[in-house]
Amino acid sequence: MAWWKAWIEQEGVTVKGSHHFNPDPDAETLYKAMKGIGTNEQAITDVLTRRSNMQRQQIAKSFKAQFGKDLTETLKSELSGKFERLIVALMYPPYRYEAKELHDAMKGSRDDVSGFVDSGLALQDAQDLYAAGEKIRGTDEMKFITILCTRSATHLMRAFEEYEKIANKSIEDSIKSETHGSLEEAMLTVVKCTRNLHSYFAERLYYALKGAGTRDGTLIRNIVSRSEIDLNLIKCQFKKMYGKTLSSMIVGDTSGDYKNALLSLVGSDP
């Protein structure tokens, strides 16, 4: 990876974990926070929102080794409501969290499925796009339109990556060579918007918080899943698009330990 790309990706991360990490005292802190009558929610927030996902998995192993209990199950028994939902989400390894959320969505218990990608379908779409354009004389324009207009932004991003591997050229270059006129312009606009993934996630977070009520599933999922990827960059785009910070909207729309944990994950304002 080029140094500049690594730097940009690191700059996008809001949860970088502890540089002097030791899972044993963290596990002990969590145990004490949940031992006896009452729960120290702030201690739980301070530990789990300031550790990377990999570090949280090590804390869970230490907790089991020291106290003979499953950390996630203990958290579920001690916490409640939206705060519980957020903290438990932090404890899943990323791949398991995505699988859980997708499973919940299929049962109808999630408010939307956007942001999750079926890698097999993304590859199939890439192959279909190639077959509809570069592989044949002429272009199956309807296939291009169907895929570009019915898939989510995150799905299309994956499909475009797979397409480039297959075709040895970008989807933009293929569109330019296979289409023309207003159709070419429209397709390139879709691709351009899709490429700006930070705008996509900023929009999802904004509408999760805007108006009456909060779409907590969308809010938790996007903050948890992007906190170790590019949430800082999403925050900057959020402010540019809406003239207010993500933190300010969280403060205005949430409360209590749930609010404090969200703010800890989001970090300081851009």
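**From one residue to the fold**

Visitor: Is Asn 168 buried or exposed?

Guide: Asn 168 has a relative accessibility of 69%. Buried means under 20% relative accessible area, exposed over 50%, and partly exposed in between (1.4 Å probe, protein chains only). At 69%, Asn 168 therefore counts as exposed.

Visitor: What kind of model is this, and how are residues numbered?

Guide: This is a predicted model: local features need pLDDT of at least 70, side-chain atom pairs count only at pLDDT 80 or more, and totals for chains, interfaces and linings use all residues. Side-chain values use heavy atoms, with hydrogens and water left out, and residues are numbered from 1 along each chain as its sequence is written.

Visitor: What is the phi of Asn 168?

Guide: Asn 168 sits in the loop between α10 (153-167) and α11 (171-178). Most residues other than glycine have a negative phi. Asn 168 is not a glycine, yet its phi is positive, at about 60°.

Visitor: How many helices and strands does the chain have?

Guide: Both are DSSP runs, numbered from the N terminus: helices are H or I with at least four residues, strands E with at least two. The count is 17 helices and zero strands.

Visitor: Among contacts between residues at least 6 apart in sequence, what share joins residues at least 24 apart?

Guide: Contact means heavy atoms within 4.5 Å. The chain has 270 residues, of which 43% count as buried. Of the contacts between residues at least 6 apart, the share joining residues at least 24 apart is 69%.

Visitor: Which helices do the buried residues of α3 pack against?

Guide: Helix α3 covers residues 41-48, and Ala 43, Ile 44, Thr 45, Val 47 and Leu 48 are buried there. These buried residues pack against α2 (23-34), α4 (53-67), α5 (71-78), α6 and α17 (256-266).

Visitor: Which residues does Thr 45 touch, beyond those up to four places away in sequence?

Guide: Thr 45 is in helix α3. Its relative accessibility is 1%, so Thr 45 counts as buried. Its contacts are Arg 50, Phe 83, Asn 260, Ala 261 and Ser 264.

Visitor: Is Tyr 92 buried or exposed?

Guide: Tyr 92 is in the loop between α6 and α7. Beyond residues up to four places away, Tyr 92 touches Asn 53, Gln 57, Lys 76, Tyr 97 and Lys 100. At 14% relative accessibility, Tyr 92 counts as buried.

Visitor: Which residues does Pro 93 touch, not counting those up to four places away in sequence?

Guide: Pro 93 lies in the loop between α6 (81-91) and α7 (94-106). Its relative accessible area is 13%, so Pro 93 is buried. Pro 93 touches Asn 53 and Gln 57.

Visitor: Are α9 and α12 roughly parallel or roughly antiparallel?

Guide: Axes are lines fitted to C-alpha atoms, for helices over the stretch in contact, with angles from 0 to 180 degrees between N-to-C directions. The axes of α9 (residues 141-150) and α12 (residues 181-195) come within 11 Å and cross at roughly 30°. Angles under 35 degrees count as roughly parallel, over 145 as roughly antiparallel, 65 to 115 as roughly perpendicular and the rest as oblique. α9 and α12 are therefore roughly parallel.

Visitor: Which residues of α12 meet α9?

Guide: On the α9 side, the residues are Glu 141, Phe 144, Ile 145 and Leu 148. They meet Leu 183, Met 187, Val 190 and Val 191.

Visitor: At roughly what angle do the axes of α16 and α17 cross?

Guide: The axes of α16 (residues 246-253) and α17 come within 10 Å and cross at roughly 175°. That makes α16 roughly antiparallel to α17. In this pair, Leu 246, Ser 247, Ile 250 and Val 251 of α16 meet Lys 259, Leu 262, Leu 263 and Val 266 of α17. The crossing angle is roughly 175°.

Visitor: Which residues do ring pairs link into a cluster?

Guide: Rings of Phe, Tyr and Trp (its six-membered ring) pair if their centres lie within 6.5 Å; planes under 30 degrees apart count as stacked, over 60 as edge-to-face and the rest as tilted. The whole structure holds eight aromatic pairs. The cluster links Tyr 206, Tyr 207, Phe 238 and Tyr 242.
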